[in-house]
Amino acid sequence: MADGQRSEHESFDRRLVRKSPWIFHFNSGGCNGCDIEFVAALTPLYDVERLGAKLVASPKHADVLVVTGPVTLQVAKSLKLIYDQMPEPKYVVAIGTCACSGGIFSGGYTVLGGVEKVIPVTICVPGCPPNPKEIFRALEAIYKGEIKVAGGGCGEEQNRG
Amino acid sequence: MGRSRIEDKAYTEPHSIVEVASKTLSSYPHLVSVTAVHDEKEKSIELIYTFSDFRGALKNISTRIPEDKKTLPSIASVAPAASIYEQEVSELFGVAFDGNPFTGKRVLLPDCFPNDVHPLLRNVKQEDLEKVVAGCMLGEPQIYVTGSSRYSAESVILLPFGPYHPALKEPERFILVLEGETIVDVIPKIGHVHRGIEKIAEGRTFLQDLFLVERICGICSFIHSWTFTLAVEELLNVKPSKKAEYLRTMIAELERIHSHVLWIGLLGYWTGFESMFMWIWRLREKIMSLLDLLTGNRVHKSFIAFGGVRRDVTDEKLNTVAKTIAEFEKDYKKLIDEIMSYEPLVERIKGIGMYNAEHAIRLGAVGPMIRATGIPYDIRKVEPYGAYDEIDFNVVTGKGGDVFNVTMVRIKEVLESINIIRQCIEKMPRNENPVPKTLVIGVVKEGEAVARTEAPRGELFYYVKAANSRNPHRVKIRTPTLANILLAADMLKGYTLSDVPVIITSIDPCFSCMDRALVVDKNHNSVFFVDFNKLRKENKRIR
């Protein structure tokens, strides 16, 4: 698609994020499995940092919110709070089946479900846990501007997993 | 060994539990767990206190309280480690422990959870719990400051640490009481990752639970499924083949290497030595690729089955493991030499968070934390399971508790694990089939069993009760981090705020800070919550 055809907002996103997607990592009650695979994606073998991605300490500096794990009641408020603090345009990547739909923990008495119950999700990366390569691919899609800010969420198809 | 059927429980009356516990502690100094089991038919709750000595003997003391009068004295006065275990039972079963320091506070369940719902009681239905979850909706985040009225002096600052920090994995909150820069008290608030697994497990079959318990932790996932399997195999009276035992041992040791190496890398991250973090994590990928090769998965292995393992491993693969492990060992030794000769790092962790053996025992510490003080308490040695009784290995101990010693214990344990893996490959019987005929086990006869293993972070304890059904009647899990958390909170006392990250990571949880502050009003002796905007307004007003 040529630049002229793209809407103004879309091309703005693209120009902005193209520079370097800064990431805030949020564990919403996961088992650490996705977390260590996400961190592995940052380290030399997979190296998301070559896209200019960087883990930041404050959501106010972040473009991308990476969420792992099913949302538990206790963290739901914090998740909303952190999402609200991020500047626009913002992307939410739900990593792992639990973050997509609640996964194996659905039905637990402190489990609310997937991330979509609390905040809008841009990309879902299902898997238990997804390979660092898959996580890399999702972040690469954001970097290349292939994903719009208001993404379609997880979708029914993936929720079933 | 490593597992046993509970047959000889010592029954005692609820009112004399403190006396009995204190007598037991003199010969069994380590309190492993406090397990509660609800019996709907007899309308009572059974409490099982499991004690252990440091040579592998277990003692179970049981007491029963009626459903309508759920009170008994707390044993926290004689065994301080009990306070957090009792609190767990009190929130999940509604049992009141007289004299427990946490009484009246929420430690585990979310703040919005109703006080009269105790999710692990058998008569609490899934539909009711779903209603509770639906009713627990988003609101303003709150900070619960427990025990704050004790601290009303002007010089005291309460600093909430947590639950989020960008770099680390688990949300965990510690409320730090500071006098100037020095920490005088720490109040843990855990349970952000409480997913109600014990309740979910009761509603699913044993086979489904095998995959569920594996997902308790992504770092020590195999050891969780192994410990659960040990308990269930005890109930079924099944013994896996020799090759299966060796394969399980090998995977568990690979997992220990990956867990310890991960932690050493994060230590670098926390002490501001990011190159160390990157180097170590690159090295760790070798181990991850081996796990992928052997089990087909990097993190959640799904490798174990009741009565064996799910897939055989060919000789060719074992040769690859031997080769890669040798490469890993060479690189690891070189890297550790380089890192530990870097003085700023060593100075940063030496003499920080000091504690002694007596302290560690009293607070119920396990794993590398207790071994760092010189006590060779390792379940692999004292109560061998898997193939550990046929393998020659040393229990690594330190010279006194501090972050440096804990680090050294973990560094040396990696080398010891490499030694174990090498022996596993050598001694493994090659012509056996480790895969059981069927994975499904069906109905399990009535009985109770406990299993203990040495997870990377320390002693892991499972209690499984079956009642002639496809689902377990009760699964109780006591993880090593819960056992270590009281020690972590205690280690912080007397150190400065800047040491907090290093000390807390030395046991392995995490924390973070957010932009809000607590104000202790000296005159009114009250604590209130100020958010960022209010604080900014106040600031303007003062100017």
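How many bridges join strand S8 (residues 156–161) of chain B to S9(B)? Six bridges join them, and the two strands run antiparallel. This is a predicted model, in which local features need pLDDT of at least 70 and side-chain atom pairs count only at pLDDT 80 or more, while totals for chains, interfaces and linings use all residues. Residues are numbered from 1 along each chain as its sequence is written, chains are lettered from A and ligands numbered from 1 in the order in which they are written, and side-chain values use heavy atoms, with hydrogens and water left out.

- Strands are DSSP runs of E with at least two residues, helices are runs of H or I with at least four, and both are numbered from the N terminus; two strands pair if DSSP finds at least two bridges between them.
- Phe161(B) has Phe174(B) in S9(B) as its bridge partner.
- S9(B) is also joined to strand S10 (residues 182–189) of chain B, by seven antiparallel bridges, and Arg173(B) is partnered there by Lys189(B).
- Two residues lie between S9(B) and S10(B) in a hairpin, and Gly180(B) in the turn has a positive phi of about 65°.
- Strand S9 (residues 173–179) of chain B is largely enclosed by the rest of the structure, because six of its seven residues are buried (under 20% relative accessible area, with exposed over 50% and partly exposed in between; 1.4 Å probe, protein chains only).

**His38(B)**

- His38(B) sits in strand S3 (residues 30–39) of chain B and counts as buried because its relative accessibility is 1%.
- Its side chain makes a polar contact of 2.5 Å with the side chain of Glu67(B) (N or O atoms within 3.5 Å; within protein, one must be able to donate a hydrogen and the other to accept it, and residues adjacent in sequence count only if both atoms are side-chain atoms).
- The side chain of His38(B) also reaches the backbone nitrogen of Arg122(B) at 2.8 Å.
- Beyond four places in sequence, the residues in contact with His38(B) (heavy atoms within 4.5 Å) include Phe93(B), Leu121(B) and His473(B).

**Interface of chain A and chain B**

- The contact takes 51 residues from chain A and 59 residues from chain B.
- The two chains bury about 4500 Å², 66% of it on carbon and sulfur atoms (accessible area, 1.4 Å probe, lost on being put together and summed over both).
- One salt bridge is counted between the chains (a side-chain nitrogen of Lys or Arg within 4 Å of a carboxyl oxygen of Asp or Glu).
- Glu37(A) and Arg298(B) meet in a salt bridge at 2.6 Å, N to O.
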